[in-house]
Amino acid sequence: MKARDGAYEVLEKIQTGAYANLALDQFLQGPGADLSRLDRNFLMELVQGTVKYRLYLDWIIDQLVQKPGQLKPGPRNMLRMGFYQLCFMDKIPARAATFETVSLAKRRFHSGVASLINGVLRNWLRDPEKVRWPDEMTEPAQYLSVTRSHPLWMVEDWLQRYGYEQTRFLCEYNNQPPELWLRTNTLRTDRPSLIEALTAQGCQVRPGQYAPESLELLAGPAIRELAAFQNGWFTIQDESSMLAAHGLAPQPGEHVLDTCAAPGGKTTHMAQLMQDQGRILAWDLHPHRVELIRENSRRLGIHMIDARAQDVMQARVSDEGTFQKILVDAPCSGLGVLRRRSDARWRKTPEEIRQLASIQKDMLKHALEFLAPGGRLLYSTCTIQPEENQLVVESVLKENTGFVPAPLPFEGLGFGSGSMLQCLPFLHGLEGFFMAAIQRKES
């Protein structure tokens with residue numbers, strides 16, 4: 001199978017509701033398993049880029065097709081693929097991109113559709129200036145929405161909060177390929193030794209700036225082929241996500257609860273900080289995801305994690321007791337990590353965020369019941385929306401006077417002091433993670 005055929009099949013699945021990452025994985029493990037590494041990389045970029053830049057590509061298509069409202073999803077997806085190659089894949093000659101897209105159309109549709117796709121692509125190549133874009137000065141929100149391919153409501157929201165330049169930076173950041181971060185497993189090695197081992201195995205790495213265990217993998221063989229991975233010397237986790245365990249600061253011997261633990265990145269990190277001494281009760285709603293926590297624990301050589309399928313909202317203190325430390329990594333909109341989920345921006349709505357905020361408040365209030373006197377809870381998300389972050393924490397603290405904000409231990413990292421931290425790409429160069437520390441009064 002050719003890479004473009006595979007990309008089209010994946011895009012069709014996404015069009016009908018499949019998640020992009022899952023659809024890609026399923027294809028590459030199934031029909032696309034025999035593709036070369038070069039073709040796999042091409043297919044992944046073509047799919048993720050076409051999905052990410054959907055609004056930008058549709059803006060072009062809708063001005064070049066005579067009746068865009070009548071264009072069916074299949075031909076539109078193929079035009080999106082063609083224009084993504086022409087606009088963003090500089091290493092592919094325009095003639096080759098056009099020829100291959102039209103050839104694909106001939107294989108998939110009747111000759112009339114192939115002729116339409118050929119005419120639209122060549123029309124743009126002859127005169128790209130035919131396409132008129134929103135004016136940056138008079139329509140800044142529409143301009144950023146279309147040219148940086150983000151939903152208009154999202155851009156308008158960020159413009160009010162961050163201003164034009166930082167919103168533009170944020171949109172451009174979301175369109176970049178994400179870095180690949182590794183977390184050193186300090187139960188088995190240290191960061192200098194891991195750097196040495198990975199370098200010997202053909203990798204290029206650099207230490208992170210904020211988390212002492214972090215390494216960015218710049219280049220190298222497939223991760224699962226690395227002896228350091230097979231031996232449990234590291235796991236994959238974003239650097240900003242690593243700050244959560246440090247923010248909670250669990251100590252060896254403590255009794256810790258992780259309420260939304262799968263797949264186990266933060267859970268296993270806490271176990272490292274605790275030197276695998278004590279107990280972590282790790283809950284997740286879905287049994288198949290609980291197994292991911294167990295698998296990660298086994299590979300990293302961690303024994304203290306008790307992973308269970310459990311809904312935090314159904315749990316009772318009378319059954320489980322109280323905990324000295326609790327992590328609430330709440331389900332959220334994920335608007336701080338849009339680089340990693342190419343289709344997420346198109347799936348989110350303001351109404352969903354309002355619904356999530358209600359769930360997050362209930363979850364946080366319920367989790368606080370499990371906190372022992374003097375204990376510490378960390379609330380975290382991977383979003384930059386105040387409705388899911390600061391406003392949730394402030395609302396819950398206002399209703400529960402037995403709890404107070406607690407300081408985060410990040411002042412030495414340049415984050416300033418305080419009980420809340422919102423990582424932002426234009427301030428910290430990190431994904432948009434949020435965390436807030438809460439302490440239960442002694443009496």
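Predicted model: local features only at pLDDT ≥ 70, side-chain atom pairs only at ≥ 80, totals over all residues.
**Surface and overall form**

I started with the accessible surface of the chain, which comes to about 19900 Å², with 50% of that belonging to carbon and sulfur atoms. The areas come from the Shrake-Rupley method with a 1.4 Å probe, and for residues only the protein chains shown count as cover. Residues are numbered from 1 along each chain as its sequence is written, and side-chain values use heavy atoms, with hydrogens and water left out.

Next I looked up burial: 53% of the 443 residues of the chain count as buried (under 20% relative accessible area; exposed is over 50%, partly exposed in between; 1.4 Å probe, protein chains only).

The C-alpha trace spans about 75 × 50 × 40 Å along its principal axes.

I listed 20 helices and 12 strands in the chain (DSSP runs numbered from the N terminus: helices are H or I with at least four residues, strands are E with at least two). Among contacts (heavy atoms within 4.5 Å) with a separation of 6 or more, 72% join residues 24 or more positions apart.

**Empty space**

Rolling a probe the size of a water molecule over the atoms shows where empty space is left. My working rule uses a 1 Å grid over the protein atoms alone: a cavity is a set of points where a 1.4 Å probe fits but cannot get out, a pocket is an open set with protein on both sides within 12 Å along at least five of seven lines, and lining residues have an atom within 4 Å of a point. Points are joined across faces, edges and corners, and a volume is the space filled by probe spheres set on them.

I found 1 cavity of 30 Å³ or more. The largest cavity holds about 40 Å³, and its lining includes Tyr173, Trp181, Arg339 and Leu430. By class, that lining has 3 nonpolar, 2 polar and 5 charged residues (nonpolar: Ala, Val, Leu, Ile, Met, Phe, Trp, Tyr, Cys and Pro; charged: Asp, Glu, Lys and Arg; polar: the others, Gly among them).

The second largest pocket has a volume of about 320 Å³. Of its 14 lining residues, Phe42, Glu45, Met89, Lys91 and Ile92 are the closest to its centre. Helix α3 (37-52) and α1 (3-15) each supply at least two lining residues, and α3 gives the largest share, 5 residues. I counted 6 nonpolar, 1 polar and 7 charged residues in this lining.

**Backbone spots**

Alanine 262 and proline 263 are joined by a cis peptide bond, with omega about 5°; proline 263 is in the loop between β5 (255-258) and α14 (265-273).

Serine 149 has a positive phi, near 55°, in the loop between α8 (140-147) and α9 (152-162). I noted serine 149 as buried because its relative accessibility is 0%. Aspartate 276, in the loop between α14 and β6 (279-284), also has a positive phi, near 60°.

**Leucine 300**

Last, I looked at leucine 300 in helix α15 (residues 287-300), which is buried at 1% relative accessible area. Leucine 300 touches residues including Arg183, Phe234 and Thr268. Threonine 235 is 65 residues away in sequence from leucine 300, and the C-alpha to C-alpha distance is 8.0 Å.

Terms used:
Lists of a residue's contacts leave out its neighbours within four places in sequence.
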